[in-house]
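Dear colleague,

I am passing on the structure below and would be glad if you could look it over.

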Amino acid sequence: MTKIPTEFSRNLDERDAISMTAWNKPDNKNCRPLYVPLIDAPNWFSISRDTLYRAEKRGEIKIYKASTRSLIKISEIESWIEKRTTSA
């Protein structure tokens with residue numbers, strides 16, 4: 001797994017984790033985060049976490065680490081999905 005770039009990295013405590021999970025829902029149209037927790041991937045992309053882990057193992061995407069949290073970059077996942085749907 002790749003460490004998240006330092007400009008986006010900081011120590012997350014439990015309150016941050018809870019508030020980020022509640023805030024990072026796909027129905028929030030006004031503000032879109034750059035990264036989302038991997039655990040929220042099914043809500044955002046309708047893709048299982050196992051699928052994302054397999055894609056990372058094949059080198060198709062990156063999973064970033066911020067402290068103990070696994071994060072995915074939204075733009076990378078959208079590009080990966082687009083590439084998979086156009087090549088099928």
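The structure holds 2 aromatic pairs, where rings of Phe, Tyr and Trp (its six-membered ring) pair if their centres lie within 6.5 Å, with planes under 30 degrees apart counted as stacked, over 60 as edge-to-face and the rest as tilted. Tyr-35 and Tyr-64 form an edge-to-face pair, at 5.3 Å centre to centre and with 85° between the planes. Because Tyr-35 lies in strand β2 (residues 35–37) and Tyr-64 in strand β3 (residues 64–66), this pair ties together parts that are 29 residues apart in sequence; strands (E, at least two residues) and helices (H or I, at least four) are DSSP runs, numbered from the N terminus. Tyr-35 is buried at 9% relative accessibility, and Tyr-64 is buried at 7%, buried meaning under 20% relative accessible area (1.4 Å probe, protein chains only). The rings of Trp-44 and Phe-45 have their centres 6.4 Å apart and their planes at 40°, so that pair is tilted.

This is a predicted model, in which local features need pLDDT of at least 70 and side-chain atom pairs count only at pLDDT 80 or more, while totals for chains, interfaces and linings use all residues. Residues are numbered from 1 along each chain as its sequence is written, and side-chain values use heavy atoms, with hydrogens and water left out.

Leaving aside neighbours within four places in sequence, Phe-45 is in contact (heavy atoms within 4.5 Å) with residues including Val-36, Ile-72 and Ile-77.

With regards

Note on methods:
Buried means under 20% relative accessible area, exposed over 50%, partly exposed in between (1.4 Å probe, protein chains only).
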